[in-house]
Amino acid sequence: MRRYLAVGLDCYLCLVTVGILARPYVDRSDSAEAAGLLLGPALVFSFLNHVVLTALTGAGAGKLIMGIRVVGLPDAGRPGPWPLLLRWLYGLCWLPLQPWYGLRSLLSGPGVLPGTTLWNGGNGEPRADPLGLRQVRRSDLATRRNATMAARAHR
């Protein structure tokens with residue numbers, strides 16, 4: 001549930017920021033220019049939040065608020081900018097297609113198109129991140145760090 005709230009916060013912060021920045025210019029432009037004025041800053045803000053901020057702090061704005069961190073496997077360390085960039089691009093391509101996949105799966109019947117939506121074939125298991133990144137609670141990272149330090153002290 002925290003991940004979904006973090007995504008909602010990210011969307012809200014993006015829309016509010018873009019709305020504030022573009023409002024003075026949107027009123028004076030036609031609809032095509034207005035769409036560009038809204039889409040351009042939204043992509044820039046999304047990139048800054050999901051790639052730059054996550055590379056610097058380990059989480060985007062929504063995840064920071066919800067106490068979630070993005071880590072790379074297997075070491076649970078902070079991911080570099082390249083995997084974060086690829087993850088952001090994957091999200092931009094994958095997320096808009098979800099209504100289509102859901103509708104196609106609904107029209108095809110249950111179990112015909114497994115693994116095409118966020119949930120794998122209806123078994124309740126979330127789809128794995130294609131780049132080996134995971135979202136974990138900050139408290140779980142602290143517990144892991146303490147356990148690792150205690151194990152090193154006993155060696």
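Me: Helices are DSSP runs of H or I with at least four residues, strands are E runs of at least two, and both are numbered from the N terminus. With that in hand, where does L43 lie?

Reply: L43 lies in helix α2. Before going on: this is a predicted model, where local features need pLDDT of at least 70, side-chain atom pairs count only at pLDDT 80 or more, and totals for chains, interfaces and linings use all residues. Residues are numbered from 1 along each chain as its sequence is written, and side-chain values use heavy atoms, with hydrogens and water left out.

Me: Why is L43 called partly exposed?

Reply: Buried means under 20% relative accessible area and exposed means over 50%, with partly exposed in between (1.4 Å probe, protein chains only). L43 has 37%, so it is partly exposed.

Me: And what makes the nonpolar surface patch?

Reply: L39, L43, L89 and L92 make it, with about 330 Å². Patch residues need over 30% relative accessible area and no salt bridge; nonpolar side chains (Val, Leu, Ile, Met, Phe, Trp, Tyr) are joined within 5 Å, like charges within 9 Å. A salt bridge would be a side-chain nitrogen of Lys or Arg within 4 Å of a carboxyl oxygen of Asp or Glu. The areas come from the Shrake-Rupley method with a 1.4 Å probe, and for residues only the protein chains shown count as cover. L43, at 37%, clears the area cut-off, so that part of the test is met.

Me: Which helices supply at least two residues of the patch each?

Reply: α2 (31-57) and α4 (81-94) do.

Me: What does P83 touch, leaving out residues up to four places away in sequence?

Reply: P83 touches L131 and L133, contact meaning heavy atoms within 4.5 Å. P83 and G132 are 49 residues apart in sequence, yet 8.7 Å apart in space, C-alpha to C-alpha.

Me: Back to α2. How do you know how α1 and α2 cross?

Reply: From their axes, which are lines fitted to C-alpha atoms over the stretch in contact, with angles running from 0 to 180 degrees between N-to-C directions. The axes of α1 (residues 2-26) and α2 come within 9 Å and cross at roughly 140°. Residues making the contact include L13, V18 and Y25 of α1, and L38, P41 and F45 of α2.

Me: What about the chain overall: how many helices and strands?

Reply: Six helices and two strands, in the order α-α-α-β-α-α-β-α from the N terminus on. Of its 155 residues, 23% count as buried.
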